[in-house]
Amino acid sequence: MNAAATTVRTGSLEPLPIDEIGDAPANYGGRPGSSTELDVVHGVVLYVDNVSVSFDGFKALNGLSLEVNNGELRCIIGPNGAGKTTMMDVITGKTRPDSGRVFFGSTVDLLRMREAEIAQIGIGRKFQKPTVFEHLNVFENLELALSTDRRVRRTLFSRLDSASFDRIAATLDLIHLRKLAGKLAGNLSHGQKQWLEIGMLLMQEPKLLLLDEPVAGMTDEETERTAELFLSLEGKHSLVVVEHDMKFIEELTTRGEHAATKKVTVLHEGSVLAEGRLADVQANEKVVEVYLGR
């Protein structure tokens, strides 16, 4: 059993032909798809270039371009239908774009890869609804998520070494579930299940985390703790957070070591409407008109 299946749905998509991809971005090294080793020599962990996706004539993404820096915590907001989820689907290989390019670091062409492969190279995704193994306890969920040999016999008959045990213990502390390690996941609160799934992702040591409305349905206290968790991950991982809760967005973008330079990206009708510091975005008349003013 592979814990990555809780957050990544394996697909059967074929890679695009070489002549449909074109050359790598000018400031990116290497031949497209020539490596699966993350190269962030230019400081960028995710590069989305002019990506468009249509569904039955509706443009879910319309020339979307953005860059996320290595170690950055980027918040993405926008009205329903703006293309936020489709963007994540493209990055993780669930949806193939009609056009455009998506690179992980300087050399890894994500459009040449399947969903499972993308998860294996260090991109983790958390969906809106938490997905955990409810019949197992909290500790066992994290144990299954370890980036180790997942063959059934090895999983069933192996013992945790001290380093793996320490990693699980540290993650339990990080996600505020140390005292609930022996509790069945199915008996956790909604917020606690969200934390557990984030912990399962972290056990797989992702370089980039995509988090889709992570605080939806949480209490105020749970939301505050989640903000603290994400801020503690900043710099160690790159995070892209899609969320409607503006109070939560404010917590993430006005706190932390890099608060003065943190960006918020606003999507509308499949492309970037505005990008910059939260205060600047909130003062943008177009953003107020299509999103914040509602």
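## Helices α5 and α6

In this predicted model, R167, I168, T171 and L174 of α5 are in contact (heavy atoms within 4.5 Å) with G199, L202 and M203 of α6. Helices here are DSSP runs of H or I with at least four residues, strands are E runs of at least two, and both are numbered from the N terminus. Helix α5 spans residues 162–174 and packs against α6 at an angle of about 145°, the axes being 10 Å apart. Axes are lines fitted to C-alpha atoms, for helices over the stretch in contact, with angles between N-to-C directions running from 0 to 180 degrees. The crossing of the two helices is right-handed, that is, the near helix is turned clockwise from the far one by less than a right angle.

Residues are numbered from 1 along each chain as its sequence is written. Local features need pLDDT of at least 70 and side-chain atom pairs pLDDT 80 or more, while totals for chains, interfaces and linings use all residues; side-chain values use heavy atoms, without hydrogens and water.

## Q194 within α6

Q194 lies in helix α6. Q194 counts as buried because its relative accessibility is 0%; buried means under 20% relative accessible area, exposed over 50%, and partly exposed in between, with a 1.4 Å probe and protein chains only.

The side chains of Q194 and K126 are joined by a polar contact of 2.3 Å. Such a contact is a pair of N or O atoms within 3.5 Å; within protein, one must be able to donate a hydrogen and the other to accept it, and residues adjacent in sequence count only if both atoms are side-chain atoms. Beyond residues up to four places away in sequence, Q194 touches K126, Q128, P130, E213, P214, A216 and M218.

## Nonpolar cores

A nonpolar core is a set of buried Ala, Val, Leu, Ile, Met, Phe, Trp, Tyr and Cys residues joined through side-chain atoms within 4.5 Å. The largest has 48 residues, of which L196, F230, V241 and L252 touch the most other members. Helix α6 (residues 190–203) gives the most to this core, namely seven residues. Another core, of 29 residues, lies apart from it and includes V90, V108, I118 and I121.

## Helix α10

V287, V290 and Y291 are buried in α10, which covers residues 285–292. They lie on the same side of α10 because they cover an arc of only 90° around the axis, taken from the directions from the helix axis to the C-beta atoms. The face turned away from this buried side carries the exposed residues E285 and E289.
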